[in-house]
Amino acid sequence: MTVPTGRRERKKAATRQKIADTALRLFLERGYDAVGIRDVAAEADVAVTTLFSHFASKEALVFEQDDNFEQRLTQAVTNRAPHEPLIPALRREIKAMVRHCTADGTAPIYRMIDESRALREYEESIRLRHAESLATALVADPELSQSATACRTIARFVIDAYSLARETADPQAAVDEIFQMIEAAWKVT
């Protein structure tokens, strides 16, 4: 995510972060379903309209890093060095994302997500969107000769690698294991 440079952009980013932090704290303290948008806005000392100018829905408050993750995935494709192999670049990015999402203190967040149907469904919609964005970047890459179907398939595998690894006892080892399969699949396309 780019760092806001102007005063106005910095204030907007700070307000967004304050709202997200407040929401997560309230959700974890009281339970996701017990907290309303008005509760979050009041606790963050912003208007409900301000909250909605930063977040499209209550679910989006939990996944406030979503845009950053999506951008990082596509940049793993578009910003890699010329002739740098694709799959290792994607593996590095997924490993970094898994490290972030399995850091100390994240277990209660994922437990909350698992316990809420609305959050599980929202997370699934995010995964599908990320896979489509990644597939679009793969298809557009002039160094890659794989079909659009192959690119969409590998993109889904990569997104699923993130989700699956995050749930294991050794997420980094799981990423390595999953990416061995992804790399083998990519080579045969």
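A polar contact is a pair of N or O atoms within 3.5 Å, where, within protein, one must be able to donate a hydrogen and the other to accept it. The views below show a predicted model.

View 1. A polar contact of 2.3 Å links the side chain of E70 with that of S133. E70 lies in helix α5, which covers residues 66-78. With a relative accessible area of 15%, E70 falls under the 20% limit and is therefore buried. Apart from neighbours within four places in sequence, the residues in contact with E70 are R129, H130 and S133. For the pair E70 and R129, a sequence separation of 59 residues goes with a C-alpha to C-alpha distance of 8.4 Å.

**View 2. Helix α6 and the elements that cover its buried residues.** Helix α6 comprises the 16 residues 86-101. At 1.5 Å a residue the helix should span 22 Å, and the distance of 23 Å between its end C-alpha atoms agrees with this. The buried residues of α6 are L86, I87, A89, L90, E93, I94, K95, M97, V98 and C101.

**View 3. The spans annotated in UniProt.** An unreviewed UniProt entry assigns "domain: HTH tetR-type" to residues 13-73. In the model, residues 13-73 are 75% helix and 0% strand, and the end C-alpha atoms of this span lie 22 Å apart. The annotation "DNA-binding region", likewise from an unreviewed UniProt entry, covers residues 36-55. For residues 36-55 the end C-alpha atoms are 14 Å apart, with 75% of the span in helix and 0% in strand.

**View 4. D45 in the loop between α2 and α3.** D45 is placed in the loop that joins α2 (37-44) to α3 (48-54). Although D45 is not a glycine, its phi is positive, at about 60 degrees. The relative accessibility of D45 is 66%, which is over 50%, so the residue counts as exposed.

**View 5. H83 in the loop between α5 and α6.** H83 is located in the loop between α5 and α6. This residue is not a glycine, yet H83 has a positive phi of about 65 degrees. H83 has a relative accessible area of 70% and is therefore exposed, the limit being over 50%.

How values were computed: Residues numbered from 1 in each chain as written. Predicted model: local features only at pLDDT ≥ 70, side-chain atom pairs only at ≥ 80, totals over all residues. Heavy atoms only, no water. Helix = DSSP H or I, 4+ residues; strand = E, 2+ residues; numbered from the N terminus. Buried < 20%, exposed > 50% of the residue type's maximum accessible area, 1.4 Å probe, protein only. Contact = heavy atoms within 4.5 Å. Expected span 1.5 Å × (residues − 1). UniProt positions renumbered as here; feature names shortened; annotations may be inferred.
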